[in-house]
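Open the model in your viewer and keep the selection panel at hand. The tour goes stop by stop.

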Amino acid sequence: MFKKLKIFGNRLFRRSKTQNEEELSDIFRTKYSMFKELLASNSEVLNIISDIEEKMEGRQVFGMSYIRANSTRAVFHTNRMVKSLNALSNNRYALLYDILTKINEKIKEELGKKKEIAPAKPILFYTEVNKDMVDWVGGKNANLGEMCNRVNLPIPKGFAITTYAFEAFLSHNDLVDKIKKRQMGLDPNDQETVNSVSEEIEKLIIMSQVPPEVEKGILSAYDKIAEEIRQDGHDGSLPRVCMRSSAIGEDSEISYAGQYLTSLNVPPDKLVKTYQYIAASLYTPRAISYRLNKGMRDEDTAMSVACLQMIESIASGVMYSRHPFNILENNIIISAVWGLGPYAVDGVITPDTYTVSKDKDLNIIETRISNKPVQLVSNPDGGLIEISVPKDKQDKACLLPEHIRTLAGYAVKLETHFGCPQDMEWTLDGNGRLIMLQTRPLHLEKDSFKKSIPRLTGYNVLIENGSVAFPGVGFGPAFHIRSEEDLLNFPEGAVLVARHSTPKFGIVMKKAQAIITDSGSVLGHMASLTREFAVPSILGTQTAFTNIPEGIEITVDAYSGRVYEGRVKELLSIQMSRDTHMKGTPVYQTLRNVAELILPLHLLNPKSPDFTPQSCTSLHDIMRLVHEVSYTEMFQISDLISDKGEGAVKLDARIPIDLHIIDLEGGLTGVTRGVKKVTIDNISSLPLKALLKGMTHKELDWREPKPVHFKGLMSVMSRQMLAPPLNTGQRFGDRSYAIISDRYINFSSRVGYHYSVLDSYCSESITKNYITFSFKGGAADDVRKNRRARSIAVMLKGLDFSVNVKGDNVNSRYQKQELSLIEEKLELIGRLLLFTRQMDMLMRNEASVEEMAKAFLERNYNFHVS
């Protein structure tokens, strides 16, 4: 199309008197096609800007793939606008290409920034490791080394496979580019695509070759610790090891809580392949979703692996150095199960729980012993196996009082050393020795506290005494989870009900109003995730899956551990808003840096001498300039053919806008040569006739002043006083445009600070018929503009439009309907344009949103906000 336009260019801009009407019409239609592309890309950039603005609020989840995709889209559509404008103007705005290139280079620079990881050896033994080496060995390994070397607590023998080894592995197989290529298809809102991309990347990693340097280092390090273990009295068999992820960022202030792989009881001949599986776990669906949800960039993540002696555990568990959410309770909490530790954190059984004071004697305040029918032990053939706990031990405490006090002493030491509360894992070996397996900062909800809420009368209680993992109130329909397929189908706003707790639920926590499980520990991985995502959760209920029917609405009181049937208004009144904690994360900072090159609008006044390409410093500036001058270019072209009756004409009608019309074909009738004004009687375009019918509705008198709320008026005045100087007389009299044919309209109205665009096709063919309508802006503050946008959205939904609202931008669509319905909706849009005039000044409170919408839908056009 650009080539075709170039052929016509010289003939158009050096117009000859011999040009015939057909040739001019052909040129005009070609340019109009370019103009349509420009308008389409303008709408796309506006949508991208609105979406980025919404993400900048920090409430929605996004990842680096979102930033890359949307910045790329924004540059693409801005570039298409620049090309279209230069085609319309005979390349008078070629400078915009250079400006856009420079902005794009800066965006790429921001997207390309990466946290550098200092090189190190592929293997480091724990005697060499401390917390200062976190960039080389990850948080888990660094903390193990710190416990061993600086706190002098017992840990298993072992070594760290460093992030240097991981980088060497990626480089050896050219995996970075291959992974990025596959992530281009990632949609964080579609779990199916997350699963698909995850499967492809994991397969890439597992099927790749470990570099000889790394493989040799792993096997040599194993031989060394195996000899040390044998010298400590181990039998002559080759010792097994536990291999655990220790990724960069893991076990830091953003806790990964079981997102990566741990492999227990690994034989020496499986060490290298197990390393690959753990490296691949950086890209499991859970890990990808978690990074998206917590704002972590791939560039800031690398995998180290902990390789530890496999302890044959008598008992294992988790320990918190203080209560995880009740900041007033500064006691140590210990959980314990028989056998190996996974059952203590995975929610399969409910563990014993011990509460210990931090006084000098470490007094045991409370002991709660649960029934523990099964345990995990090492399988001689590799891996783990579940066995029954002997009957006489199932209801017996896993720990003796001296064990409890020893562990509590370890907790106090670690909290003192690290200077913050700790989340720890421990094990008890066959010789009665307590060994620390890991420690990490405990994620605390500092603004939460345990509320004492009595049982409320008048409501049916379904669950009475569950254990609270995260306090709060949730309300919604119960949704039972029986399989991973159920997770894929989990609806927004439901309450998750399951038999067991599992970190897999992390992929739906942003959707869930609350979580309830029959079994599980408040010290488990899933419980940790519920606190990070602020999901009210009750675990260990025993009977929730049976007692709560699927689909019924329930209110979850995750302060007292109760679940009520139906809506409990007393509890919902204290329900707190959810926060995804995006602000402050690395990915949020990247978005903010990129957004500085996309969002700011400095070109505010088209009449200003600075309204030029040279003043453009953002994509928004370029878009604004191109959009504004493109209308001028189109009208200059129409003037060239005005002597043939096809030029721009002004509509003379009783409407509050200065409307100018370009007729492509059949949109006007009875217009003679040289006429500069037309009336409504001259309009033959079906969509424009319908729109004007609404705008001239007898009950909508636009000349009557709107009753303005005082604070709304002050909001407008404040905005105008703080904004750059404008010629307000011209500002509120900007031209509006309608490009029409007999069946088509593109209507663009910029009145004051408000901007609306309508695009529609009306015909007898239902499949071709559509209306798109968008609205953005306002003269008042952001709060009132947003209320106005949401009120307009309610009106449009009432007219059966599909609607999307982002900030002060409303986008809607109505399509594939009969001609009569399309005309009816266009007439109502015409009424809406007048009814909502200066409406942002009237939006004094939240109630105004629904009040104004209700009045419009009930055709009470003289409604005044009380």
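**A buried pair**

Select Asp808 and Lys785: both are buried, that is, under 20% relative accessible area, where exposed is over 50% and partly exposed is in between (1.4 Å probe, protein chains only). This is a predicted model, in which local features need pLDDT of at least 70 and side-chain atom pairs count only at pLDDT 80 or more, while totals for chains, interfaces and linings use all residues. Residues are numbered from 1 along each chain as its sequence is written, and side-chain values use heavy atoms, with hydrogens and water left out.

Asp808 and Lys785 form a salt bridge, with the closest N and O atoms 3.6 Å apart. The term requires a side-chain nitrogen of Lys or Arg within 4 Å of a carboxyl oxygen of Asp or Glu. Asp808 sits in the loop between β29 (802-806) and β30 (809-815), and Lys785 in helix α24 (residues 782-798), so the pair ties together parts 23 residues apart in sequence. Helices (H or I, at least four residues) and strands (E, at least two) are DSSP runs, numbered from the N terminus.

Next, pick Asp800 and Lys825. Their side chains meet in a salt bridge (3.8 Å, N to O). Asp800 lies in the loop between α24 and β29, Lys825 in helix α25 (residues 819-835), so this pair ties together parts 25 residues apart in sequence. Asp800 counts as exposed at 54% relative accessibility; Lys825 counts as buried at 7%.

Go to Lys358 and Glu415. Here the closest N and O atoms of the salt bridge are 2.7 Å apart. Lys358 is in the loop between β8 (352-356) and β9 (364-368), and Glu415 is in helix α14 (residues 401-418), 57 residues away. Lys358 counts as partly exposed, at 26% relative accessibility.

Then show Arg455, Glu464 and Arg562, which are linked in a network of salt bridges. The count by this rule comes to 22 salt bridges.

Residues making the contact (heavy atoms within 4.5 Å) include Leu686, Leu691 and Met695 of α21 and Leu826, Ile829 and Leu833 of α25.

**The open sheet**

Colour the strands in the order β14-β21-β20-β16-β17-β18-β19-β15: these eight form an open sheet with mixed pairing. Two strands pair if DSSP finds at least two bridges between them. β14 (461-463) and β15 (467-470) stand at the edges, each with a single partner strand, so one side of each has no neighbour in the sheet.

Zoom in on β16 (residues 473-480) and β17 (residues 495-498), which pair in the parallel sense over three bridges. Ala478 stands opposite Val495 in β17.

**A hairpin**

Select β10 (residues 374-378) and β11 (residues 384-388). They run antiparallel, joined by five bridges. Val377 has Ile385 of β11 as its bridge partner. Five residues lie between the strands of this hairpin, and Gly382 takes a positive phi near 110°.

**Last stop: Ser198**

Find Ser198 in helix α8 (residues 191-207). Is Ser198 buried or exposed? Ser198 counts as buried, at 1% relative accessibility. Leaving aside neighbours within four places in sequence, Ser198 is in contact with Tyr283, Thr284, Pro285 and Ile288.
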